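The structure is shown first, and the terms are given with their cut-offs as they come up.

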Amino acid sequence: MIEEIVKPLLKWYDENARILPWREEPTPYRVWVSEIMLQQTRVEAVKPYFQRFIGELPDVQALAECPEEKLMKLWEGLGYYNRVRNMQTAARTVVCEYEGVLPASYEELLSLKGIGNYTAGAIASIAYQIPVPAVDGNVLRVLTRLWGDDSDILKDKTKKAMGRRVMEFMPEDRPGDFNQALIELGATVCVPNGQPLCDQCPWDTVCKAYKEDLIDQLPVKTPKKARRIEHKTVFLLECGEQVAIHKRGDKGLLAGLWEFPNEDKKMDAEDIKEWMAEHHMEDAKTKAAGKGKHIFSHVEWHMEGVRISLKTPIQSENYVWVLKKELENTYALPSAFEIFRKIL
């Protein structure tokens, strides 16, 4: 097993590992930040976010003390904002209970808010060289193809079973490199979309899916439910260099973030006219402000924008008037509304 699997994989990793900012100095904090950012986000997209985040919040203490608006602004565009909220909650726990240093224990890492099995395994193995598995989607794809395993990879029992099997040949002297090599292989060779680059794989002689022509059948995943489509009309209320924004509620999708005022429906010209009358904007000038689509995991927003130019700001408890330039450096606006921010 070591000769067939471990040595070829580590040799391949030593020769092919990508140069990534979090690998240059794999401290527990940097590994943690990178792994949370990389959830649901491409590596290339994460790089500049990671550099900026670490530059502003270089350690656990800084993260624990960061004001919410600044934290949200640093995360703006990465999505899944509860990830960074959970990180701050965990950071405060680490400051209070572990003197500001992430614990060198898989079980204790797992007890922190927002850290699951995979992230705990990644931090423990990469930063502390503890031999524990770190099984993510890339690893599941690689291993099910390696072993010709048709278990449903979306089921927890499959992930746990794969973790146990990995431990059978986890090298105690290089657990972090081994886990990263598995992830790297899945990201760059045994790729998630399209044909894998089997001719570049260190396991081409032992991979059951390759030898038995099962590549297209593995991994097995339960089909996802179709996303729900929601229509929105987004209002860009502007007065000179000011624009109105609204803060979303504390719960639900994009909780606590700023957005442009909007209605949860597609509105025609008459609907818009009535909306403006209700909000005392009868004399304002309007024009179309583009269309946008944003895809979340379970819902898809189809948005149409309306630009409304006002002579004086309408006072409302629902809006806050801010300078347009403040949308760039102060207020965190979800990427769903980016198309409309560009119009301003």
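## Salt bridges

A salt bridge is a side-chain nitrogen of Lys or Arg within 4 Å of a carboxyl oxygen of Asp or Glu. The model is a predicted one, in which local features need pLDDT of at least 70 and side-chain atom pairs count only at pLDDT 80 or more, while totals for chains, interfaces and linings use all residues. Residues are numbered from 1 along each chain as its sequence is written, and side-chain values use heavy atoms, with hydrogens and water left out.

The structure holds 21 salt bridges. One of them is between the side chains of Glu-304 and Lys-266, at 3.6 Å from N to O. Glu-304 belongs to strand 6 and Lys-266 to the loop between strand 4 (262–263) and helix 14, so the pair ties together parts 38 residues apart in sequence. Helices (H or I, at least four residues) and strands (E, at least two) are DSSP runs numbered from the N terminus. Glu-304 is partly exposed at 26% relative accessible area, and Lys-266 is exposed at 55%; buried means under 20%, exposed over 50%, and partly exposed in between (1.4 Å probe, protein chains only).

## Other charged pairs

Glu-300 and Arg-227 also meet in a salt bridge through their side chains (3.6 Å, N to O). This pair links distant parts of the chain, 73 residues apart: Glu-300 is in strand 6, and Arg-227 is in the loop between helix 13 (208–211) and strand 1 (228–239). Glu-300 counts as buried at 11% relative accessibility, whereas Arg-227 counts as partly exposed at 39%.

Within helix 4 (residues 43–56), Glu-44 and Lys-47 lie three residues apart, about one turn of the helix. Their side chains form a salt bridge of 3.0 Å, N to O. Glu-44 is partly exposed at 48% relative accessibility, and Lys-47 is partly exposed at 23%.

## Strands 5 and 6

Strand 5 (residues 285–295) and strand 6 (residues 299–309) pair in the antiparallel sense over nine bridges; pairing requires that DSSP finds at least two bridges between two strands. A hairpin of three residues joins strand 5 to strand 6. Lys-293 stands opposite His-302, which is in strand 6.
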